[in-house]
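My entries follow the model.

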Amino acid sequence: MQVTFEEFINLVKAYNPDEVEIITKAYRFAEECHKGQHRESGEPYIIHPLAVAWILANMHADRDTVCAGLLHDVVEDCDVTLEQISREFNPKIAELVDGVTNLTQVDFKSKTERDYANKNKIILGISKDARIVVIKLADRLHNLLTLQYKSQEKRIKKAAETMQFYAPLARYIGAEVLRRKLEDLSFKFLNPEGYVETSKIISDYSNQTQLSTNQMMIDIHRLLEDEKVPHALKLRIKSVYSVYQRIKDGGKIENLHDFLAIKLLVESKKECYNALGLVHSLYPPMPKTFKDYISQPKPNMYSSIHTTVFGPELVAVQMQIRTHEMEKINLQGLTAYWDLFQGKAVDVMQEILRDKYHFIQSVKELSRIMKNSQDFVQGFEQNVIGDKVAIYDGEHQVFVSAGSTAIDYAYSRGQEIGDRLDSVFVNGQQVDVSTVFEQGDRVHLILSEYPHGPLPGWEHISTTVQAQVSIRRGMRKKYAIHQ
Ligand code: MN
């Protein structure tokens, strides 16, 4: 990715003409600071912050975010202080730069300890300003795009860290386009043969099914036009890494019910359901593939109707029916709000992070239980941004970490609930408290009247860091009382 300053500033002009001056100033400032520094590729260092700012400007990021993108490495790599940035620009930009600046004190015992401390800092920063995560993701994306210049050891480390932390973060904030890029780039470095093989399987099968999917798009378009439903159609192909994960254990691409997907975009929620009926009138649906993420969005606010149908030649194609606005949020997540809310975007992002994602509460809760950076970051990776399954507790849909048992779920609701767990009913049957919950399970915990504390062995049955820490704490308390 090679971007010139002219291309960048033209992009800024197109959506934010009033801020060209300060953004140009930030560019000149960064250029001056990084003078004489080079990337591993041998190019002047400034190409990196410029590329990061370019990625941000493509999301129509606000002025302060774009400036922070340009300035994101000056504190770490040059002799610039945050006070200077605050004075030259504004305190908000200095705060954003601070949020993405790595800790460089020398008193860490190991690199691992420093890495955890840095992630800890990022997570706490996001609680205060969601834009920090976006700058961090743009930074990581450009670093991955230029990873071929790093040593093999560094490549593997960066790619693995991206899979573990940054890609799940991107998914968490709903930034799917970013997540796909981060995952596929990392996958390419972690497993080059797997990447090449999977890409070939994808292109072969896409070619093989092209006539069917084209025909479907024509037929659906005609029917909706006859019914006077304004719409747009797009073909979406699953990412290399997602396909790899699904076929690596011997699965066949033609058996994936969602490898090929046609997005059907309409204007309103009501038209989504109307369009669903029309699609089913054309093609028979595959049983058990219907999902209504409009009435029950995913935790990252992904909204759509899914139904897999059999098209011409009986090719399985997933129909993803949604409105244009849902599509924008599904692809861009929080970063869509720069366009949708303009000047109010920052407040809306923070509000959503707090009230819809419960991010701030989860982080607070975690930092209360997890006293060191490593536990905290691992707990965060698992409980906050890790894979989730939806279960039902009474009337309520609850998202729990994938792999959770009744013990994990009980402790995720609080120390006291965990310490009172007696038994559990799943889908009306009493099962062992070590049973792993599955998507859609109806769960009912039976609690004792008084806390009896964790039972011996629970620590090893539980799968989440949060439960394990709570169990250890419960054990210490129980042991102290019984002494
Ligand atoms: Mn950087």
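Donors here are N, O and S atoms within 2.8 Å of the metal (3.2 Å for Na, K and Ca), and since water is not among the atoms, sites may look incomplete. I noted that His 48 (NE2), His 72 (NE2), Asp 73 (OD) and Asp 139 (OD) coordinate the ion at 2.2 to 2.5 Å. His 48 sits in helix α3 (residues 47-58) and His 72 in the loop between α4 (63-71) and α5 (74-77), so the pair ties together parts 24 residues apart in sequence. Helices are DSSP runs (H or I, at least four residues), numbered from the N terminus.

This is a predicted model: local features need pLDDT of at least 70, side-chain atom pairs count only at pLDDT 80 or more, and totals for chains, interfaces and linings use all residues. Residues are numbered from 1 along each chain as its sequence is written, and side-chain values use heavy atoms, with hydrogens and water left out.

Next I checked burial, where buried means under 20% relative accessible area (1.4 Å probe, protein chains only). His 48 counts as buried because its relative accessibility is 1%. His 72 is also buried, at 1%.

Then I turned to His 34, in the loop between α2 (20-33) and α3. His 34 is buried, with a relative accessible area of 2%. Leaving aside neighbours within four places in sequence, I listed its contacts (heavy atoms within 4.5 Å), among them Tyr 45, Pro 49 and Asp 73.

Notes. Helices (H or I, at least four residues) and strands (E, at least two) are DSSP runs, numbered from the N terminus. Buried means under 20% relative accessible area, exposed over 50%, partly exposed in between (1.4 Å probe, protein chains only).
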